Amino acid sequence: MNIPEVKCGIISVSRDCFIISLSQNRRQAIVDAYTKQYGDLYEVPTVVENETDMLKAVEEAKAAGCNALVVFLGNFGPETPETLVAKYFDGPVMYAAAAEETGKNLINGRGDAYCGMLNCSYNLGLRKLKAYIPSYPVGTAEEVAKMIADFQPMARTLIGLSQLKIITFGPRPQDFFACNAPIKPLYDLGIEIEENSELDLLVSYQAHKDDPRIADVVADMTEELGKDGNPWPDLLPRMAQYELTLLDWAEAHKGSRQYVAFANKCWPAFPSQFGFEPCYVNSRLVSRGIPVACEVDIYGAVSEYIGMCASGDTVTLLDINNSVPRDLYESDIKPPTNYTQKDTFMGFHCGNTPLCKLKKGGVKYQLIQNRLLEDGGTPDITRGTLEGDIAESPITFFRLQSTAGGQLRAYIAQGEVLPAATQSFGGIGIFAIPEMGRFYRHVLIAKQYPHHGAVAFAHIGKVLFSIFQYLGIEDIAFNQPKGMLYPTENPFDI
């Protein structure tokens, strides 16, 4: 739930001095290839040769319910009408072009779309229109079909962001300035933000006391956690009441938007006033497609939502937390892998990672807050985290962030969660990212990124990079391989 469904259409275009059937037939071949391999692709009937055709084709796509489009140059293409599609269609647009099919038909069967893509890109620039052009946008029917399939998660993300509202509760914590970034750039992306106080949340929570739906949510929690993961059944009604509070608030406050994410303050006042830690509830919501970022991390919530749309799976938000001790590295990591100790680190948070991404998870208490709020005694109000080692998986660690000066930047690093046991507490895993030590110093530190990073449980760097490029982000960092120096890297210290 809470992410868009993409219905993609394809419009073929044809320069009027070329044979129109060339563009029609090549479009049909793409639809056949795509349908066979990937699923439905709406074929817009009108071939665009002029502006009148363009308006008609766009209306046909809209009437069919398309929210994403591929403009296909079956031949050279009409420069103005084909680029105006991106202006008049309200949704992400991709451009691709036909490769020539055979050396035996290069007179009437030659389309020159290889040339036409150059003028197409120039005309998009003249009109300052955004569009996605694949890394090599010229191909056969099967190759263009693959480009369209790669475009789908990108389109889903862009549609989601265009209809996203971030709902926050509480000011960002004083001691966590890293979460305290200017939010103006998010408005520039078309994202809405509703900021509320913790008191608003508390009042709404209290209003849900004795809500008749609580029993059903408790039953669902009990089934999800199982006997071993549920040591305090008395705690579940409080957390069920809170879950209903957030879900009802989202429904009542999303207004003109279709999708929501939360960024909520969770310490130090939350446990004493609500009577529990919110982590387990946060994990349940993100497993259903509604990110709830800790510590009012607005950019963390946006990053999580991007990762969810791009991967089609749930995500988490973790601290880039602690180094892996040498003895643990030597005994459990070094022998079966090629990672250096500096390639590894532990990603941690109190308990917001979905249960389905843990090896074996259960509700526990927040050790650090217990020391602070309950003097290290028998836990009560500090219960409610969801803890366990994160299961081994390919991952992408990434973040969209604003600088203090209001400039958007991003990083992307692909790696994996290792099967080695962490021997620690919280929702935690041992992560390995190639050349992480250099990335840590020359991206995360040098570019002043906060400690929170979003984690997708797949390698989605390719689509994330394309999304960030489409959004106009010029500084997109990644974990550079050996021999590729960062601008701040000392060439004599490697």
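This is a predicted model: local features need pLDDT of at least 70, side-chain atom pairs count only at pLDDT 80 or more; totals for chains, interfaces and linings use all residues.
Figure 1. Phenylalanine 274 counts as buried, because its relative accessibility is 7% and the cut-off for a buried residue is under 20%. Phenylalanine 274 forms an aromatic pair with phenylalanine 276, and the pair is edge-to-face, with 6.4 Å from centre to centre and 80 degrees between the planes. Phenylalanine 276 is itself buried, with a relative accessible area of 0%. Both of these residues belong to one aromatic cluster, which also includes Tyr205, Tyr242 and Phe270.

**Figure 2. The tilted pair of tyrosine 205 and phenylalanine 276.** A search of the whole structure finds 20 aromatic pairs. One of them joins tyrosine 205 to phenylalanine 276, and this pair is tilted, with 6.0 Å from centre to centre and 55 degrees between the planes. Which parts of the chain does the pair tie together? Tyrosine 205 lies in helix 7 (residues 198-207), whereas phenylalanine 276 lies in the loop between helix 10 (269-274) and helix 11 (279-287), so the pair links parts that are 71 residues apart in sequence. Tyrosine 205 counts as buried, at 7% relative accessibility.

Figure 3. Asparagine 264 is found in strand 8, which covers residues 259-264. Is asparagine 264 buried or exposed? Its relative accessibility is 3%, and it therefore counts as buried. When residues up to four places away in sequence are left out, asparagine 264 touches Ile167, Thr168, Phe169, Tyr242, Leu246, Val292, Ala293, Cys294, Glu295 and Val296. Of these contacts, Tyr242 is a member of the aromatic cluster shown in Figure 1, while Ile167, Thr168 and Phe169 are buried residues of strand 6, the subject of the next view.

Figure 4. Strand 6 (residues 164-169) is mostly covered, and 6 of its 6 residues are buried. In a regular strand the side chains alternate between the two faces of the sheet. In strand 6 both faces are covered, with Leu164, Ile166 and Thr168 buried on one side and Lys165, Ile167 and Phe169 buried on the other. Strand 6 pairs with strand 8 in the parallel sense over 6 bridges, and in this pairing the bridge partner of lysine 165 is valine 260. Strand 6 is also joined to strand 7 (residues 192-196) by 5 bridges, and these two strands run parallel. Here isoleucine 166 has isoleucine 193 of strand 7 as its bridge partner.

Figure 5. Strands of a sheet pair through backbone hydrogen bonds, either parallel or antiparallel. In this view, 5 strands form an open sheet in the order 2-1-3-4-5, and the pairing is parallel. Strand 2 (42-43) and strand 5 (138-139) stand at the edges, each with a single partner strand, so one side of each is left without a neighbour in the sheet. Strand 1 and strand 3 pair in the parallel sense over 6 bridges, and isoleucine 10 stands opposite valine 70 of strand 3.

**Figure 6. The buried residues of helix 3.** Helix 3 spans residues 79-88, and in this helix Pro81, Glu82, Thr83, Leu84, Val85 and Ala86 are buried. What do the buried residues of helix 3 pack against? They pack against strand 1 (8-13), strand 3 (68-73) and strand 4 (93-98), and also against helix 2 (51-63) and helix 4 (113-126).

Figure 7. An unreviewed UniProt entry lists residues 348-474 as "domain: L-fucose isomerase C-terminal". Over these residues the chain is 21% helix and 35% strand, and the end C-alpha atoms are 29 Å apart. The protein comes to 16 helices and 18 strands, and its C-alpha trace spans about 85 × 60 × 45 Å along the principal axes. A compact globule of 494 residues would have a radius of gyration near 23 Å, and the 25 Å of the protein agrees with this. Buried residues make up 58% of the 494 residues. Among contacts between residues at least 6 apart in sequence, 78% join residues at least 24 apart. The accessible surface comes to about 21200 Å², of which 51% belongs to carbon and sulfur atoms.

Methods: Residues are numbered from 1 along each chain as its sequence is written. Side-chain values use heavy atoms; hydrogens and water are left out. UniProt positions are given in the numbering used here, feature names are shortened, and annotations may be inferred rather than shown by experiment. Helices (H or I, at least four residues) and strands (E, at least two) are DSSP runs, numbered from the N terminus. Rings of Phe, Tyr and Trp (its six-membered ring) pair if their centres lie within 6.5 Å; planes under 30 degrees apart count as stacked, over 60 as edge-to-face and the rest as tilted. Buried means under 20% relative accessible area, exposed over 50%, partly exposed in between (1.4 Å probe, protein chains only). Contact means heavy atoms within 4.5 Å. The radius of gyration is taken over C-alpha atoms; the globule rule is 2.2 Å times the number of residues to the power 0.38. Accessible areas come from the Shrake-Rupley method with a 1.4 Å probe; for residues, only the protein chains shown count as cover. Two strands pair if DSSP finds at least two bridges between them.
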